[in-house]
Amino acid sequence: MLKKVAAINDMSGIGKCSLTVAIPILSALKTQCCPYPTAILSSQTGYPKFTYLDFTSYMQEYNRAWKELDVSFDTIYSGFLGSIDQIDIVRDFIKSNNNAYVIVDPVMGDGGDYYQTFNDEICNKIKDLVKISDLVTPNLTEACLLTNNKYHTNYTLEETLDLAKEISALGPKKVIITGILIDGNIINLGYDKENDEYLSYSLKYNNKSYSGTGDIFTSIISGLITNGHDFKDSIKIASDFIFKCIEYTSKYDIDPNDGVFFEVFLNDLTSLNN
């Protein structure tokens, strides 16, 4: 029987990110993706024009309907949250599914800054989710925000590992910090608190950046971990997949807001669980 992943995230009609990538990727990895929307957008917020429907007022009713069906989940994967009230809703959802493995992608910012709808108050609330998670997947900006460290672009591997350890001290057993640039390479660092081990996985940076790659990464991690794959191997698989997608997409002149052509490589994920 397929394992169930409750994917808490927004849905954007244009721009491949959030639930738009989580659903096909989790499905390709032979898990059942159960979307739990936080917002519905006509296009993701990187575009100059988009509509935005805040789903906060519907989320509790949505959850109550699931409870009445007596649905349980193997994994809860939380991504973009559209309001501070949603953090409490998601926290309560996690606590009511206490057998689920909890993965939190603390979506808050990039490049050293908050996204336009986030601030210190929301960051402090998101720490409530981090504390009750099993695994968190911040980028470097988010790792600094969670630990109250100053962001800069010259973090060494040792300093990044210290950030991961600080985050794990909040509660999660495992931490993956993504998108660390060192000497022309892009590095994803995973830390396992229980074994006090870390993995840094490095790939050549080709100076191309596209929206949604973080969502693709965490979706792959969520599917693999749900099906029992090794933590370190999962980081390598997800990193290689993103690299391949970016290399392929960079051959075409497209708006980076459109995201990568991940669909071309979904069969690679499907074959992992054959």
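Reader: Is Ser219 buried or exposed?

Author: Ser219 is buried in this predicted model, with a relative accessible area of 0%.

Reader: Ok, and which helix is Ser219 in?

Author: Ser219 sits in helix α7, which covers residues 213-226.

Reader: What is Ser219 in contact with, leaving aside neighbours within four places in sequence?

Author: The contacts of Ser219 beyond those neighbours are Val21, Ala22, Ile25, Leu26, Leu29 and Tyr77.

Reader: Switching to the largest nonpolar core: which residues touch the most other members?

Author: That would be Ile8, Phe93 and Ile177, out of 45 residues in the largest nonpolar core.

Reader: And what does Ile8 touch?

Author: Not counting residues up to four places away in sequence, Ile8 touches Tyr36, Thr38, Met59, Ile76, Tyr77, Ser78, Gly79, Phe80, Leu81, Val90 and Phe93. Another core lies apart from the largest one, with 29 residues, among them Leu135, Ile176, Ile242 and Leu266.

Reader: New topic, cysteines. How many disulfides does the structure hold?

Author: There are 0 disulfides. Cys17 is in none, and the nearest cysteine sulfur, that of Cys33, is 14 Å away.

Reader: Are Cys17 and Cys34 buried or exposed?

Author: Cys17 counts as buried at 8% relative accessibility, and Cys34 is buried with a relative accessible area of 8%.

Notes
Residues are numbered from 1 along each chain as its sequence is written. This is a predicted model: local features need pLDDT of at least 70, side-chain atom pairs count only at pLDDT 80 or more; totals for chains, interfaces and linings use all residues. Side-chain values use heavy atoms; hydrogens and water are left out. Helices (H or I, at least four residues) and strands (E, at least two) are DSSP runs, numbered from the N terminus. Buried means under 20% relative accessible area, exposed over 50%, partly exposed in between (1.4 Å probe, protein chains only). Contact means heavy atoms within 4.5 Å. A nonpolar core is a set of buried Ala, Val, Leu, Ile, Met, Phe, Trp, Tyr and Cys residues joined through side-chain atoms within 4.5 Å. A disulfide is a pair of cysteine sulfur atoms within 2.5 Å.
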